Amino acid sequence: MMYKISLLATTLCAVLATPAFANTDTHSSVSDNGGFYIGGAINKTELGSGDASGSADATGFGIYGGYQFNDWFGLESNFFAADVGEDGYDVVTGALTFTPTFTARVNETFSVFAKVGIASMAVVVDGYYDDFTASGIGFTYGVGINAALTENLYLRVSYDMSKGDLDIDEYGYVDDIDTEIEQLALGLHYQF
């Protein structure tokens, strides 16, 4: 947890310090910032709940894409999932998020971004005695760093947090579950 907080704090400091170091000559950039992009990621996903102690995590996968309108503003969608189950239970958790992104260029190669928006979240449990699905709409926020490898190929490190109350339709005695899904991801995307 401390590592995640440190990563978040470092990225936010970079975003705040960016205007002092930003490259104002956009014509000398290695990369083109506008247009559509699509990519995939490998991630460390953690499922937690305010209604229960402890959490579960696992390695998962995701895809993301969006449209960058200019150097600083874009819209993005991100889908990620992982099986965090153990001891005979399959517990697949994931989220589909929609966010505006706010980007600040550090130099020709690096840029940092922040985003906030909505998330459609789900947890699917398949075990010996219990099978149920919990789903709902929540909010999401995230930060990250992009590195231009070529004019169109980018490497990304990002952190996302999605929170919401998920409803379980199969159990009438449970109203909702206060759920948090965290993702620390390494992605690669292509900018068209």
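Predicted model: local features only at pLDDT ≥ 70, side-chain atom pairs only at ≥ 80, totals over all residues.

**Exercise 1.** Decide whether Leu188 is buried, partly exposed or exposed.

*Solution.* Start with the cut-offs: buried means under 20% relative accessible area, exposed over 50%, and partly exposed in between (1.4 Å probe, protein chains only). Leu188 has a relative accessible area of 39%, so Leu188 is partly exposed.

Residues are numbered from 1 along each chain as its sequence is written, and side-chain values use heavy atoms, leaving out hydrogens and water.

**Exercise 2.** Classify the ring pair of Trp72 and Phe73.

*Solution.* Recall the rule: rings of Phe, Tyr and Trp (its six-membered ring) pair if their centres lie within 6.5 Å; planes under 30 degrees apart are stacked, over 60 edge-to-face, and the rest tilted. The whole structure holds 7 aromatic pairs. For Trp72 and Phe73, the centres are 5.7 Å apart and the planes meet at 50°, so this pair is tilted. Trp72 is partly exposed at 49% relative accessibility, and Phe73 is partly exposed at 24%.

**Exercise 3.** Now classify the pair of Phe139 and Tyr141.

*Solution.* Here the centre-to-centre distance is 6.3 Å and the angle between the planes is 25°, which makes the pair stacked. Phe139 is partly exposed at 42% relative accessibility, as is Tyr141 at 28%.
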